[in-house]
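Student: I've got a model open and I'd like to learn how to read it. Could you walk me through some features?

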Amino acid sequence: MSRRKLIYRSIKTYKDTGSTLDRQRSGRPTSATTTQKRKVIRSRIQRNPQRSMPKMALELKISRESFRTIVKSDMGLFPYKKRKVHFISPQIKEKRLARSKTLLARLASFGLDEILFSDEKLFTVEQAYNRQNDRVLSLLHLPYHKSIDASKEFSILNPIVRGLGKTMFNNRPFSFQQDGAPAHTAKVNQQWLRNNIPDFISKEEWPPSSPDLNPMDFSLWSILETNACTTSHKSIKSLKTSLSREWAKIPQEKLRAAVESVPKRLRAVIKKKGGYIEQLNIL
């Protein structure tokens, strides 16, 4: 237990009972949370904060409940799930803040229904890795840092983006979104967009290092991977079939909710002055 917490608890006990002695408790007194046990547990966690709490409890012959009490209440540690997140330097924070303000104003006038969001993701025939139990014991929730080439990007733009302009938007004006990946920002591709797309969010406008602002990245890819890659595939054809089938199953309400959360996320970035927003309760 930290010194500050001990002082706070002693003051509260004195105010409530007029004494600093521990109050009488019901039930069996705690026996596992001894000083020696805490030292052993702390030492093991310091050597490897990714170790499983149930396994350590079993090794030390301590009940899971007592082990959690020591780790969470006495040490103030919590098993945070590990996630790959984008790296944000002070310079990037400034750009994210400025561009989020500009983009939020632009969306207010253009409309979310007229924007074609895009992104790329690598899928493999192997079973998707389950990150649910990939955790690290820590005092703070700390993120850790995490292509398609320009010629391939160009071969995709013409048939797909132009085609969607005719089918999805029925030849109405629309805006095309891309992130700041090197293939997207290549001069040849940026120029093609200027010449062939009614409107697009250029590399100078989209906030850098911002997968948390792209509906494909913060929502839809994970849904697709979970549903299509729960088991390994025997071939690329099988993988493509599964991805196409599961994409078609995603409800329109889910797609719309992801897109409609973009302005909320932009406002969250502005509130955080360009910092991380993944901890916030946003879709």
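**Reading the model together**

Tutor: Let's start with K61, which is exposed because its relative accessible area is 80%. Exposed means over 50% relative accessible area, buried means under 20%, and partly exposed lies in between (1.4 Å probe, protein chains only).

Student: What should I know about the model itself?

Tutor: This is a predicted model: local features need pLDDT of at least 70, side-chain atom pairs count only at pLDDT 80 or more, and totals for chains, interfaces and linings use all residues. Residues are numbered from 1 along each chain as its sequence is written, and side-chain values use heavy atoms, with hydrogens and water left out.

Student: Which loop holds K61, and what is its phi?

Tutor: First the general idea: most residues other than glycine have a negative phi. K61 has a positive phi of about 60° although it is not a glycine. K61 lies in the loop between α3 (53–59) and α4 (64–74); helices (H or I, at least four residues) and strands (E, at least two) are DSSP runs, numbered from the N terminus. K273 also has a positive phi, near 55°, and is not glycine either. You'll find K273 in the segment after α12, and K273 counts as exposed because its relative accessible area is 60%.

Student: How many aromatic pairs does the structure hold?

Tutor: Rings of Phe, Tyr and Trp (its six-membered ring) pair if their centres lie within 6.5 Å; planes under 30 degrees apart count as stacked, over 60 as edge-to-face and the rest as tilted. The structure holds two such pairs. F123 and W221 are edge-to-face, 5.8 Å centre to centre with 75° between the planes, and both F123 and W221 are buried. F169 and F174 are stacked, with 4.6 Å between centres and 5° between planes. F169 counts as buried because its relative accessibility is 2%, and F174 does so at 3%.

Student: Which charged end sits over the ring of F123?

Tutor: A charge sits over a ring if NZ of Lys or CZ of Arg is within 6 Å of the ring centre and within 35 degrees of the ring normal. For F123, that's K121, whose charged end is 5.6 Å from the ring centre. R265 lies over the face of F218, at 3.7 Å from the ring centre.

Student: What is the strand order in the open sheet?

Tutor: Two strands pair if DSSP finds at least two bridges between them. The three strands run β3-β6-β7, with parallel pairing. β3 (115–116) and β7 (199–201) stand at the edges with a single partner strand each, so one side of each has no neighbour in the sheet. Two bridges join β3 to β6 (residues 175–177), and L116 stands opposite F176 in β6.

Student: Which residues in the largest nonpolar core touch the most other members?

Tutor: A nonpolar core is a set of buried Ala, Val, Leu, Ile, Met, Phe, Trp, Tyr and Cys residues joined through side-chain atoms within 4.5 Å. Of its 13 residues, those touching the most other members include L103, W206 and L266. The elements giving two or more residues are α5 and α12 (262–271), and α12 gives the largest share, four residues.

Student: What does W206 contact?

Tutor: Contact means heavy atoms within 4.5 Å. Leaving aside neighbours within four places in sequence, W206 is in contact with residues including R99, L103, Q177 and L213.
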